Amino acid sequence: DSCAAACAISALCSLGLLKQCTSDAAPVNAVPQSISEAVVISQFYIDIFDSDRPRRRDSTRASAAQAAACIFCACDRLKDASVDSAEEADGLLKALEFLIDRINDPTTSTALRLTLAEL
């Protein structure tokens, strides 16, 4: 189960990144209406990481953390591309903040902490 869940999360993230790369529109912060809209928003993966805390396997949570970090950083592509944009490219900082918060969480297992630190 956990291997399939981790692979599914990675596949969804890859599809989300592909959708972002082939679209000129930045993802909006509105509530997604479908799974294809949800996979391009980092909150989708953060919710997977944070839900069902002690029961969800570390491999699934690590895959969700990696996907969230990738989506955070990929969102910067559109911010950098528009010269008129007042928004700074802060995806990497948001990704690092997300990872550090989860590393410092006392409910995170030692193995998962090490994995998050490697990411």
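In the largest nonpolar core, which has 22 residues, the members that touch the most others are Ile-9, Tyr-45, Phe-49, Ala-65, Phe-98 and Leu-116. At least two residues of this core come from each of helix 1 (2-21), helix 3 (42-50), helix 4 (58-74), helix 6 (91-104) and helix 7 (110-118). Helix 4 provides the largest share, eight residues. The model described here is predicted.

Ala-65 illustrates how residues from separate parts of the sequence meet. When its neighbours within four places in sequence are left aside, Ala-65 is in contact with Phe-49, Phe-98, Leu-99, Leu-116 and Leu-119.

Helix 6 was examined for its length and its faces. Its 14 residues, at 1.5 Å a residue, should span 20 Å, and this agrees with its end C-alpha atoms, which are 20 Å apart. Buried positions in helix 6 are Gly-91, Ala-95, Phe-98, Leu-99 and Arg-102. Viewed down the axis of helix 6, these buried residues fall within an arc of 90°, and therefore they line one face of the helix. Leu-93, Glu-97 and Asn-104 are exposed on the other side of helix 6.

Three aromatic pairs are present in the structure. Two of them are described here. For Phe-49 and Phe-98, the ring centres are 5.8 Å apart and the planes stand at 75°; planes over 60 degrees apart count as edge-to-face, so this pair is edge-to-face. Because Phe-49 lies in helix 3 and Phe-98 in helix 6, the pair ties together parts that are 49 residues apart in sequence. Both Phe-49 and Phe-98 are buried.

For Phe-72 and Phe-98, the ring centres are 6.4 Å apart and the planes are at 50°, so the pair is tilted. Distant parts of the chain are linked by this pair too, since Phe-72 is in helix 4 and Phe-98 in helix 6, 26 residues apart. Phe-72 is buried, as is Phe-98.

Phe-49, Phe-72 and Phe-98 together form one aromatic cluster.

Conventions
Residues numbered from 1 in each chain as written. Predicted model: local features only at pLDDT ≥ 70, side-chain atom pairs only at ≥ 80, totals over all residues. Heavy atoms only, no water. Core = buried A, V, L, I, M, F, W, Y, C linked by side-chain atoms within 4.5 Å. Buried < 20%, exposed > 50% of the residue type's maximum accessible area, 1.4 Å probe, protein only. Helix = DSSP H or I, 4+ residues; strand = E, 2+ residues; numbered from the N terminus. Contact = heavy atoms within 4.5 Å. Expected span 1.5 Å × (residues − 1). Arc of directions from axis to C-beta. Phe/Tyr/Trp six-rings, centres within 6.5 Å; stacked < 30°, edge-to-face > 60°.
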